[in-house]
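Reader: I have a chain open on my screen and would like to talk it through. Can we start with the terms and then go region by region?

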Amino acid sequence: MIKSISDYQPQRLRAPDGTDLIVLAASDYEQLLDDLDDARDALAADASIARTTAGEPTMPGEVVFAMIEDGLTAVAAWRRFRGWTQADLAARADLSQVFVSKIESGAAHGSPATRRKLAKAFDAPLWALDDWGAAG
């Protein structure tokens, strides 16, 4: 919980070189760091909400959950979200099922053109096919 500035008991000191210093109790310093973290998180959340309400595409929670909790690659998570088989996705993206399987397993990434085909098939933004530490 963010404290009021009057809740802190800082001491002001002047170093021999003339630098003004503020001394705080270690617990107050740790609280300030926690409050700074909370404020940054709140700003990031506000920015995300602003982007979403401005019409920027987002990633469905089910896709994010499948990537984080189930360790799926983004392409596999999107395919599961759409309820498609690998053959369905391959047909929609004009790719082979074997290549889709390699992309989903992390054995292949796909060229930029391939990634665009997949994004178009999913009706998803291109960035939403990026993996962040999922399987593969």
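Author: First a term: buried means under 20% relative accessible area, exposed means over 50%, and partly exposed is in between, with a 1.4 Å probe and protein chains only. The model is predicted, so local features need pLDDT of at least 70 and side-chain atom pairs count only at pLDDT 80 or more, while totals for chains, interfaces and linings use all residues. Residues are numbered from 1 along each chain as its sequence is written, and side-chain values use heavy atoms, with hydrogens and water left out.

Reader: Fine. How many helices and strands are there in the protein chain?

Author: Six helices and two strands. These are DSSP runs numbered from the N terminus: helices are H or I with at least four residues, strands are E with at least two. Along the sequence the pattern reads β-β-α-α-α-α-α-α.

Reader: What share of the residues is buried?

Author: Of the 136 residues in the protein chain, 28% are buried. The accessible surface comes to about 9000 Å², and carbon and sulfur atoms hold 55% of that. Areas are from the Shrake-Rupley method with a 1.4 Å probe, and for residues only the protein chains shown count as cover.

Reader: On to charges. How many salt bridges does the count come to?

Author: Three. The rule asks for a side-chain nitrogen of Lys or Arg within 4 Å of a carboxyl oxygen of Asp or Glu. Side chains of opposite charge can pair when their charged atoms come close.

Reader: Where does Arg79 sit, and where is Glu104?

Author: Arg79 is in helix α3 and Glu104 in helix α5, 25 residues apart, so the pair links distant parts of the chain. Their side chains meet in a salt bridge at 2.4 Å, N to O.

Reader: Is Glu104 buried or exposed?

Author: Glu104 counts as buried because its relative accessibility is 9%. Arg79 is buried too, at 17% relative accessible area.

Reader: And which residue does Arg80 pair with?

Author: Asp70, at 2.6 Å from N to O. Arg80 is in helix α3 (residues 74-82) and Asp70 is in the loop between α2 and α3, ten residues apart. Arg80 has 47% relative accessibility, so Arg80 counts as partly exposed. Asp70 is partly exposed as well, at 40%.

Reader: What about Arg14?

Author: Arg14 forms a salt bridge with Asp20, and the closest N and O atoms are 3.0 Å apart. Arg14 is exposed, with a relative accessible area of 60%.

Reader: Switching to packing. How do the axes of α4 and α5 cross?

Author: The axes of helix α4 (residues 86-93) and helix α5 (residues 97-105) come within 8 Å and cross at roughly 110°. Axes here are lines fitted to C-alpha atoms, for helices over the stretch in contact, and angles run from 0 to 180 degrees between N-to-C directions. The two helices are therefore roughly perpendicular to each other. For the wording, under 35 degrees counts as roughly parallel, over 145 as roughly antiparallel, 65 to 115 as roughly perpendicular and the rest as oblique.

Reader: Which residues make that contact?

Author: Gln86, Ala87, Leu89 and Ala90 of α4, with Gln97, Val100, Ser101 and Glu104 of α5. Contact means heavy atoms within 4.5 Å.

Reader: What is in the loop between α4 and α5?

Author: Asp94 is found there. Its phi is near 55°, a positive value in a residue other than glycine. Asp94 is exposed, at 61% relative accessible area.

Reader: And Asp123, what is its phi?

Author: Also positive, near 55°. Asp123 lies in the segment after α6 and counts as exposed, at 67% relative accessibility.

Reader: What does Thr114 touch?

Author: Leaving aside neighbours within four places in sequence, Thr114 is in contact with Leu95, Phe99 and Ile103. Thr114 is in helix α6 (residues 112-122) and counts as buried, at 10% relative accessibility.

Reader: Last one. Where is Met59?

Author: Met59 lies in the loop between α1 (26-53) and α2 (61-69). Met59 is buried, with a relative accessible area of 14%. The C-alpha atoms of Met59 and Trp127 are separated by 9.5 Å, though the two are 68 residues apart along the chain.
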